[in-house]
Amino acid sequence: MGKRTIVPFGPQHPVLPEPLQLRLILEDEKVVEAIPAIGYVHRGLEKLAEEKDINQNIYVVERVCGICSFQQALAYCQGIEELMGIEVPDRARYLRVIWAELHRLHSHHLWLGLLADAFGFESLFMQCWRNRELVMDLMEATAGSRVIISTNIIGGVRRDIDADKQKFILDNLAKLEEELKKIEGSFLNDYTVKKRLVGVGVLSKQDAYELGCVGPMARASGISMDLRTLGYAAYGELDFEPVVENDGDCYARLKVRLRECYQAIDLIRQAISKMPEGEISTPVKGFPNGEVISRVEQPRGEDVYYIKANGTKNLERLRIRTPTFANIPALVKMLEGVDFADVPMLVLTIDPCISCTER
Amino acid sequence: MLQNLKELQKEDLRKEVLALKADGYRFVTATCVDLGDGRFDIIYHFDKDYQLTNIRVTIVAEEKVPSISDIYFAAVFVENEIKDLFGIEFENLLIDYEGKFMITEELESPMRKKPAVKVKKGE
């Protein structure tokens, strides 16, 4: 047995945009055990949601995470709508798909850039983030802001996307698809990139399922699980299949996210072509009562909202289980036995969102 | 209105969870709800083929809940979070952070509902 050392990885580390600590117990260069420590930026948003009223809570949940704020608001609004028996207009359901997929696109591009940066490919990182700007422009054009777009309301959405803006979206998506093809080659075929990712941090299908993995991480291990197939918003009327890879390593997780970018572009095109004319919201009266669970597929995976209401303007309890929280047990298990040098890659390929975890 | 909800005594929890695991269910998460009268609901959520199954166990504040972290490793962090935020103790927790998983020592069960303090005018 080699000499044992404990190395604190984080809370501040070049590969981590947000603070998370992993206490790594090393035997020579191998990780024997990893103990996560979170709580550096805990914000108590679940408690705040008990103080605010049901409409103000949309703004609270949007701040759970900037990168997937639309999907957070979507999960919350869908839960309240289910409790109150509200039927959302058809056009609003399609608009929700468009914004949700734009969020997936910008989240995946952000992650691709961070991955490139983590393995030291600076120009690829710049290219990914430059492409992401195309998506940010679309959000600004359609919603007025670039990250937290606040277009969801209980009963529908607050803004419409007219024909001119639809054309702008389609034009930008065509540009983005072209750019994506250029960077895809560097990610998938570059010798050095492959050397860092192929066969690193393998998570078997069985382990992924037993440890409760969600999102691209589960799909990269061969689990065909995507909550969009449940058909919420307008996903039930669109044609798509979950993106699945079987190798379960860092490279497979990269491939899943790359393919999901193309899938998101396709879903937006389908949604624009099928979107009916009509109202974008329905008037809401009264307050919700009862308890419900609402789930959506966020860029990182399954997002679970438990909502308990009591017929007043305030909620009894709002519980948010974000995908990063679900992926941490698998990260801990995956780290056991890997080389110390591979730890940053492994941590990054779960796409850790500490803001979500410590809502 | 929760789908497939089973209300159980805490003594029957582990048996039911073992049966769910044998049946191929995935552990999603657990939710703690302060009922405001010294009692707490702990609702465990499981999923199989997109179908949720929920188990509700109601306890009083001082009671210890049997941990399911040895059955589902994923439950270890959720149980530690509930312990931090609500001050609920779990028996035989696989990794026990002793109330310091998410919050610091200065805070004590911050998610518990505190009795409202009425302040008279002039005080």
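The model is predicted, so local features need pLDDT of at least 70 and side-chain atom pairs count only at pLDDT 80 or more, while totals for chains, interfaces and linings use all residues. Residues are numbered from 1 along each chain as its sequence is written, and side-chain values use heavy atoms, with hydrogens and water left out.

Select residues 287-359 of chain A, part of what an unreviewed UniProt entry annotates as "domain: NADH-quinone oxidoreductase subunit D", an annotation that may be inferred rather than shown by experiment. This stretch is 33% helix and 37% strand, helices (H or I, at least four residues) and strands (E, at least two) being DSSP runs.

Next, show the contact (heavy atoms within 4.5 Å), to which chain A gives 43 residues and chain B 37 residues. Between chain A and chain B there are six salt bridges, each a side-chain nitrogen of Lys or Arg within 4 Å of a carboxyl oxygen of Asp or Glu. One to select is the pair B:Lys113 and A:Glu316, at 3.5 Å from N to O. Several elements of chain A each supply at least two residues to the side that touches chain B, among them β3 (30-37) and β6 (289-298), and β6(A) gives the most, with six residues.

For A:Cys356, the nearest cysteine sulfur, that of A:Cys353, lies 3.2 Å away. A:Cys356 is buried at 0% relative accessibility, where buried means under 20% relative accessible area (1.4 Å probe, protein chains only).

Terms used. Chains lettered and ligands numbered in written order. Disulfide = S-S within 2.5 Å. Buried < 20%, exposed > 50% of the residue type's maximum accessible area, 1.4 Å probe, protein only.
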